[in-house]
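Please look through the sequence and the model shown here before reading on. The report that follows takes up strand pairing and then salt bridges.

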Amino acid sequence: MALVIENLCHIYNAGEPFEAVALKDVNLRIEEGEFVALIGHTGSGKSTLAQHLNGLIKPTSGRVLFDDKDINQKDSKENFRFKIGLVFQYPEYQLFDESVKKDIAFGPKNMGLDENEIDLRVKKAMATVGLNYEEFSEKSPFELSGGQMRRVALAGVLAMEPSVLVLDEPSAGLDPRAKEFLLQDIKHLNEQGKTIIMISHNMDDVARFAKRVLVMKKGKIVLDGTPSEVFQNIEEL
């Protein structure tokens, strides 16, 4: 199931005196199972593009297709948000429930699943990110370390079993040990067949984990290739 972007444009405050063009005619195809890194300076359009990938914001023009279907169709938008999971930068700020278990269960509940299926998904998601169910399920997420909170937030997205995982600076602010745990979790998810799209300012992480790198500048993709191909463009980078 490919993720396809066709002529995507986004203008903030369109028609207003302070309008800002964030994306300009972006065309892109990401195949199932790819591990793609999205890089570029602050303000290049990376996060705006990421938010388009699961319909969180709507294009000014252009389309985002998943499995040949427009994700912004009114009757299917919610469904695609379950198939394309978005993990924001500092996702622990999105934690809100009284226990780890309830927080992770929030997405599956919104999908209308029964309690048995929800429980199974919570346990599976926690196991995937290396959190022991017996030890952590009843704890408040706010009692955990920063790295553990980040993993709970990731588990909450994984519990919806998306086909594509979009991560905005997933390791930002973590200590080296917690960062390595989280990046290995993401690598294993990709090895299991999940499509990964990771925004990062850390070129070491990009070189280690990504198989394809997209470079953005002023709302456009200006480079697209393997890490070794892209990193040869020293002057442009």
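Two strands are said to pair if DSSP finds at least two bridges between them, and the strands themselves (E, at least two residues), like the helices (H or I, at least four), are DSSP runs numbered from the N terminus. The model is a predicted one, in which local features need pLDDT of at least 70 and side-chain atom pairs count only at pLDDT 80 or more, while totals for chains, interfaces and linings use all residues. Residues are numbered from 1 along each chain as its sequence is written, and side-chain values use heavy atoms, with hydrogens and water left out.

**Strand β9 and its partners**

Strand β9, which spans residues 212–217, is mostly covered, since five of its six residues are buried; here buried means under 20% relative accessible area, exposed means over 50%, and partly exposed lies in between (1.4 Å probe, protein chains only). Strand β3 (residues 35–39) runs parallel to β9 and is joined to β9 by four bridges, with Ile 39 standing opposite Val 215 of β9. Strand β10 (residues 220–225) runs antiparallel to β9, and five bridges join the two; Val 213 has Gly 225 in β10 as its bridge partner. In the hairpin that β9 and β10 form, two residues sit between the strands, and Lys 218 takes a positive phi near 50 degrees.

**Salt bridges**

A salt bridge is counted when a side-chain nitrogen of Lys or Arg lies within 4 Å of a carboxyl oxygen of Asp or Glu, and the structure holds 15 of these salt bridges.

| Arg 29 | Glu 31 | 2.5 Å |

Lys 124 is exposed, with a relative accessible area of 54%, whereas Glu 161 is partly exposed at 38%. Lys 124 and Glu 161 also belong to a network of salt bridges that links them with Glu 117 and Arg 121.
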